[in-house]
Amino acid sequence: MGGSFGKCYDPSGSQFGIPTYPWRYAPKGLATRRQLRAQGLRPGGQQIAAQVLRPRYRRGPLTAYLYRIDRAKPVRPMTPARWAALAKANLARRTCPKCRTDAGYVIPTSLGMCVPCAYPDDEQRAA
């Protein structure tokens, strides 16, 4: 194995403490959190089984932790209380702190308020 590929290949876990594979070379039966979620699963409290590393220039490698698919549990269903909490959180993100109205979109953190309040003299406000 050449170059950076060999630096990321440690199936025994002697160098990194857990089995380590290069990006896109993980064995079957292991998945990241996102891959588990796409299958309707979650790690379910299990320990990290392995990791994949993607070398980068000038910075440390990207790391993704892998979990065993056979030990994963189904995603918990959303309850009415969770739906209500999510709706309340989204409403808070859409409410302008200056004019206290629902902007209809998530308030940009760069502005900290809705666009009409941030740019009151803008002619497109009425449009």
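## Close-up views

**View 1. Pro-22 meets its bridge partner in β4, Leu-53.** What you are looking at is a predicted model: local features need pLDDT of at least 70, side-chain atom pairs count only at pLDDT 80 or more, and totals for chains, interfaces and linings use all residues. Residues are numbered from 1 along each chain as its sequence is written, and side-chain values use heavy atoms, with hydrogens and water left out. Strands here are DSSP runs of E with at least two residues, while helices are runs of H or I with at least four; both are numbered from the N terminus. β1 and β4 run parallel and are joined by three bridges. Two strands count as a pair once DSSP finds at least two bridges between them.

**View 2. The whole sheet, strand by strand.** Four strands make up an open sheet with mixed pairing, and their order is β1-β4-β5-β2. Which strands stand at the edges? They are β1 (20–22) and β2 (30–31): each has a single partner strand, so one side of each has no neighbour in the sheet. Something handy to remember while you look: side chains in a regular strand alternate between the two faces of the sheet.

View 3. Thr-20 belongs to strand β1. Is Thr-20 buried or exposed? Thr-20 is buried, because its relative accessible area is 0%. The cut-offs, with a 1.4 Å probe and protein chains only, go like this: buried is under 20% relative accessible area, exposed is over 50%, and partly exposed is in between.

**View 4. β4 against β5.** Five bridges hold β4 and β5 in an antiparallel pair. Follow them and you meet Ala-50, whose bridge partner in β5 is Leu-66, and Val-52, which sits opposite Ala-64 of β5. β4 (residues 50–54) includes Arg-54, and the strand is mostly covered, with four of its five residues buried. As for Arg-54, its relative accessibility is 41%, so this residue counts as partly exposed.

View 5. Strand β5 (residues 62–68) runs antiparallel to β2, and two bridges join them. Leu-30 has Arg-68 as its bridge partner in β5, and Ala-31 stands opposite Tyr-67 of β5. Arg-68 also forms a salt bridge with Asp-70, with the closest N and O atoms 2.6 Å apart. Arg-68 is partly exposed because its relative accessible area is 29%, and Asp-70 is exposed at 56%.

**View 6. The other end of the salt-bridge story.** How many salt bridges does the structure hold? There are two. One of them links Arg-94 and Asp-102, whose closest N and O atoms are 3.2 Å apart. Arg-94 is partly exposed, with a relative accessible area of 24%, and Asp-102 is partly exposed at 43%.

**View 7. A positive patch made of arginines.** Arg-24, Arg-54, Arg-56 and Arg-59 form a positive surface patch. Patch members need over 30% relative accessible area and no salt bridge; like charges are joined within 9 Å and nonpolar side chains (Val, Leu, Ile, Met, Phe, Trp, Tyr) within 5 Å. Lys and Arg count as positive, Asp and Glu as negative, and His and the chain ends are skipped. For Arg, the place of the charge is CZ. Arg-24 lies in the loop between β1 and β2 and is exposed, at 76% relative accessibility. Its phi is near 70°, a positive value in a residue other than glycine.

**View 8. Arg-58 in its loop.** Arg-58 is in the loop between β4 and β5. Phi of Arg-58 is near 70°, again positive in a residue other than glycine. With 89% relative accessibility, Arg-58 counts as exposed.

**View 9. A nonpolar patch.** Met-78, Trp-83 and Leu-86 make a nonpolar surface patch of about 310 Å². Accessible areas come from the Shrake-Rupley method with a 1.4 Å probe, and for residues only the protein chains shown count as cover. Leu-86 is part of helix α3 (residues 80–94) and is partly exposed, at 40% relative accessible area.

How values were computed:
Salt bridge = Lys/Arg side-chain N within 4 Å of Asp/Glu carboxyl O.
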